[in-house]
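Thank you all for coming. Please take a moment to look at the sequence and the model on the screen, and then I will walk through them slowly, from the overall layout to single residues.

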Amino acid sequence: FVGYNRSFHHTLAVLGGNLRMQNQLIDLIDQMERAVRVSVSNVKKGNPASLVDEHCQLIDALQERKTKRAERAAEHHVSAAAKRVNDAISRFAVVS
């Protein structure tokens, strides 16, 4: 899944058409790979189907040129990923 996820996000960065933004996003995507691994590890039963569904919702909105829906899908995707990472980190936190 991690390779697919990287490819998906790299493709979106390229499709944006802004070379400077593309380079920044690809660098950020590459830096976030560890967080993606943590996020995926916090998906129930290790099944990333819900994550792929988040991507599909974004793709559908983009193909239909529904800008606001695409924005909401992207915001949901980022928020859900942040929650998964935070939940995973909390599970493994060492408290003294």
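Let me begin with a term: helices (H or I, at least four residues) and strands (E, at least two) are DSSP runs, numbered from the N terminus. What we are looking at is a predicted model, in which local features need pLDDT of at least 70 and side-chain atom pairs count only at pLDDT 80 or more, while totals for chains, interfaces and linings use all residues. Residues are numbered from 1 along each chain as its sequence is written, and side-chain values use heavy atoms, with hydrogens and water left out.

The protein has 5 helices and 0 strands, and along the sequence this reads as the pattern α-α-α-α-α. Taken along the principal axes, the C-alpha atoms fill a box of roughly 50 × 25 × 20 Å. Of the 96 residues in the protein, 28% are buried, where buried means under 20% relative accessible area, exposed means over 50%, and partly exposed lies in between, with a 1.4 Å probe and protein chains only. If we call it a contact when heavy atoms lie within 4.5 Å, then among the contacts with a separation of 6 or more, 58% are between residues 24 or more positions apart.

On a 1 Å grid over the protein atoms alone, a cavity is a set of points where a 1.4 Å probe fits but cannot get out, whereas a pocket is an open set with protein on both sides within 12 Å along at least five of seven lines, and lining residues have an atom within 4 Å of a point. Grid points are joined across faces, edges and corners, and a volume is the space filled by probe spheres set on the points.

Which helices supply at least two residues each to the lining of the largest pocket? They are H1 (2-15), H2 (19-31), H3 (33-41), H4 (49-63) and H5 (67-91), and H5 gives the most, with 10 residues. This pocket holds about 890 Å³ of space, and among its 33 lining residues, Phe8, His9, Leu12, His77 and Val78 lie nearest the centre. We count Ala, Val, Leu, Ile, Met, Phe, Trp, Tyr, Cys and Pro as nonpolar, Asp, Glu, Lys and Arg as charged, and the others, Gly among them, as polar; on that basis the lining of the largest pocket divides into 22 nonpolar, 9 polar and 2 charged residues.

The structure also holds 1 cavity of 30 Å³ or more, and the largest cavity has about 30 Å³ of space. Its lining is made of Val2, Asn5, Arg6, Ile29, Glu33 and Val36, with the largest share, 3 residues, coming from H1.

Two of the residues that line the cavity, Glu33 and Val36, bring us to H3, whose buried residues are Glu33, Ala35, Val36, Ser39 and Val40. Seen down the axis of H3, these fall within an arc of 155°, so they line one face of the helix; the arc is that of the directions from the helix axis to the C-beta atoms. The buried residues of H3 pack against H1, H2, H4 and H5.

Let us turn to H1, where Asn5 is found. Is Asn5 buried or exposed? With a relative accessible area of 9%, Asn5 is buried, and, leaving aside residues up to four places away in sequence, Asn5 touches Val36 and His55. Phe8, also placed in helix H1, is buried with a relative accessible area of 10%. Phe8 and His55 are 47 residues apart in sequence, and 8.2 Å apart in space from C-alpha to C-alpha.

Finally, the aromatic rings. Rings of Phe, Tyr and Trp (its six-membered ring) pair if their centres lie within 6.5 Å, and planes under 30 degrees apart count as stacked, over 60 as edge-to-face and the rest as tilted. The structure holds 2 aromatic pairs. One of them, between Phe1 and Tyr4, is tilted, at 5.5 Å centre to centre and 55° between the planes. Ring pairs link Phe1, Tyr4 and Phe8 into a cluster.
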